[in-house]
Structures are given as structure tokens and as C-alpha cells.
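Trainee: I have a structure open and would like to learn how to read it. Could you guide me?

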Amino acid sequence: MESSSLQLPANTKPLGMNPLKFALWLFIVSIVMIFASLTSAYIVRKSEGNWLDFKLPTLFYFTTAILVFCSIFTETAKYYAKRDDLQALKLSLSATFILGVAFLAGQWYAWKQLVAMNVFFVGNPSGSFVYVLSGLHALHIVGGIVFLLIVLYMTFKDKIHSKNMLWMEMCTTFWHFLDGLWFYLFLFLILNR
């Protein structure tokens, strides 16, 4: 009697990545494509002229430093999860959460600095691009904070530990990506003023 289950050929290897990690990487690639298209549009629009030159808000430097610490604390959290130091894991994740919220607050005040410099969302496209790039990144930071809260909740339920690292690794990957994305955007804006 033949088995009704699907058999893979002998030389076929199964997918080497967890499906959730694969979905995360697809999501990251889609975000990269969005920002690549926006920064390309920035360059094209700037070359057409009618471009307002202005200094970037000084708070962007401060919020960049905040994201460096976010990466440090998420990596530290992963380290503690691997060693089953759940108290230190909770503290590291909580610190990342606080810093993520501080980043968003800093971006808000950076926008206020832009308004004080008479750079508005509507008007010259150079200002519009800064608002769109930083705002869209901030929206992804909100998503990262939600992801972080889910992992923090799982930690308090003792579901994150050395034998169950999937969510912690995904959260760390996403936060490192968000941090790297901001560095790219910030450097791009500095070099293309």
C-alpha cells in the first residue's frame, strides 16, 4: 500500500530557516525597498532645483545616539537570554523599550526644531522628504516597540530562555535593522544637504 504523504526527493534539503525568521527577513527586504525608492526619489527631485537648504535638527544627533544604546541593550538581552539570566534579560528589554520611546520623543522634538526653522511638511520638497523619511522610520520604530513589548511579555511568562530563543533573536535582528536603517537615513541626509 502506497503512502499518501508527499515525499521529497532524496537530494532535496528542507528549508534551513524558521518560517517566522524567513517572514521577518522578507519584511525587512520590503522596508529596504521602500526606503531605497524614497532616497532615490530624493536625489532625483533635488537635481530638478527649487531645493531649500537647511541644517538638520540637532536632536537627530541625539536620537542617533539613543539608537546605538538600543542596539547595545537588545544584544545584551539576547546574551542574558542565552544564559537564562531572566532578571537581567527583563532589565535589558525594559531599557530598550524606554530608549525606543525616548527616540520617538526625540524625533517629535526634532520636528519641532524644523518648524522653528520654518521647514514644514508642506512647502519645499526638501523639508517634505525629511519629514517623510524620519516619520516613516519612526512608524517602524513603533512597530519595533510593539514587537519588543511582545517579547518582554513572553519573558515575564518565562517563555524566553536558552531553549527558546526564536522571538528574542527575531526581536534583536529587527532592532539592529531599524538602527542600521536610521544610520543610513541620517548619513544620507547629512551627505545630501
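Mentor: A residue is buried under 20% relative accessible area, exposed over 50% and partly exposed in between, using a 1.4 Å probe and protein chains only. Here, Phe 60 and Trp 182 are both buried. This is a predicted model, where local features need pLDDT of at least 70, side-chain atom pairs count only at pLDDT 80 or more, and totals for chains, interfaces and linings use all residues. Residues are numbered from 1 along each chain as its sequence is written, and side-chain values use heavy atoms, leaving out hydrogens and water.

Trainee: How are Phe 60 and Trp 182 paired?

Mentor: A pair of aromatic rings is described by the distance of the centres and the angle of the planes. Rings of Phe, Tyr and Trp (its six-membered ring) pair if their centres lie within 6.5 Å; planes under 30 degrees apart are stacked, over 60 edge-to-face and the rest tilted. Phe 60 and Trp 182 are edge-to-face, with 5.3 Å between centres and 85° between planes. Phe 60 belongs to helix H2 (residues 59-82) and Trp 182 to helix H5, so their pair ties together parts 122 residues apart in sequence. Helices here are DSSP runs (H or I, at least four residues), numbered from the N terminus.

Trainee: Which residues do ring pairs link into a cluster?

Mentor: Phe 27, Phe 147, Trp 167, Phe 174 and Phe 177. Across the whole structure, a search finds 18 aromatic pairs. One of them joins Tyr 42 and Trp 51: with centres 5.0 Å apart and planes at 80°, that pair is edge-to-face. Tyr 42 is buried at 0% relative accessible area, and Trp 51 is buried at 14%.

How values were computed:
Helix = DSSP H or I, 4+ residues; strand = E, 2+ residues; numbered from the N terminus.
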